[in-house]
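Student: I would like a close look at a single part of this structure. Could you please take me through the strands and how they pair, step by step?

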Amino acid sequence: MYAKNLFILLIVQTGLTAMAQENCKSSFDKNQQMDSITLSGLSSVFRTLKFENGPCNNRWGSDLQLVMEELGKQLGVKGTPYGEVFKRIGPPDEKSDTSEIVKLLPGESILIYHWRGRHDFLYFITENKVIKRSDWWYAYE
């Protein structure tokens with residue numbers, strides 16, 4: 001009996017997850033280029049989506065992922081002032097002078113912005129309060 005109930009629960013849960021995923025409609029036009037959205041617009045969308053919990057933000061190709069990718073491109077340009085990143089997308093989820101994932105040179109720091117927890121994130125490498133580069137860490141699970 002226990003195994004049968006567990007099996008039914010699993011089917012119901014899988015069905016609900018699939019329904020939730022089907023309802024994840026992008027707020028962006030399919031033909032809209034992300035680089036055509038202003039930095040202010042991207043920042044506003046990011047701040048809204050970042051604190052909105054739900055399965056839509058965690059799926060590959062979600063609005064949150066797309067917006068974060070574009071913010072990384074626009075704010076990750078070498079020479080961007082450190083403060084501009086904070087102004088646009090707020091303080092990082094993590095900041096450190098050491099990293100087990102990304103090789104840092106002496107004097108560099110890493111700013112990490114989580115997408116799907118700590119296993120997928122956008123990061124910025126800084127030195128002397130200036131951005132050197134940005135990139136992504138994907139767990140590829």
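Tutor: In this predicted model, strand β1 (residues 94–96) and strand β2 run antiparallel and are joined by three bridges. Within this pairing, lysine 95 has leucine 111 of β2 as its bridge partner.

Strand β2 covers residues 108–114, and seven of its seven residues are buried. In a regular strand, side chains alternate between the two faces of the sheet. In β2, Glu108, Ile110, Ile112 and His114 point one way, while Ser109, Leu111 and Tyr113 point the other way. The residues of both groups are all buried.

The side chain of histidine 114 makes a polar contact with the side chain of glutamate 94, at 2.8 Å. Leaving aside residues up to four places away in sequence, histidine 114 touches Lys50, Met68, Asp93, Glu94, Asp120 and Phe121.

Strand β2 also pairs with β3: the two run antiparallel and are joined by seven bridges. Here isoleucine 112 stands opposite tyrosine 123 of β3. The hairpin of β2 and β3 has six residues between the strands, and in this hairpin glycine 117 takes a positive phi near 75 degrees.

Strand β3 (residues 121–127) pairs in turn with strand β4 (residues 130–137), in the antiparallel sense and over seven bridges. Tyrosine 123 has aspartate 135 as its bridge partner in β4. The hairpin of β3 and β4 has two residues between the strands, and asparagine 128 takes a positive phi near 55 degrees there.

Elsewhere in the chain, a disulfide joins cysteine 24 to cysteine 56, with an S to S distance of 2.1 Å. A disulfide is a covalent bond between the sulfur atoms of two cysteines. Cysteine 24 lies in the loop between α1 (2–22) and α2 (39–50), and cysteine 56 lies in helix α3 (residues 55–58), so the pair ties together parts that are 32 residues apart in sequence. The torsion about the S-S bond is about -85 degrees, and the disulfide is therefore left-handed. Cysteine 24 counts as buried at 10% relative accessibility, whereas cysteine 56, at 30%, counts as partly exposed.

How values were computed:
Residues numbered from 1 in each chain as written. Predicted model: local features only at pLDDT ≥ 70, side-chain atom pairs only at ≥ 80, totals over all residues. Heavy atoms only, no water. Helix = DSSP H or I, 4+ residues; strand = E, 2+ residues; numbered from the N terminus. Polar contact = N/O pair within 3.5 Å; in protein donor to acceptor, adjacent residues only side chain to side chain. Contact = heavy atoms within 4.5 Å. Disulfide = S-S within 2.5 Å. Buried < 20%, exposed > 50% of the residue type's maximum accessible area, 1.4 Å probe, protein only. Pairing = 2+ DSSP bridges.
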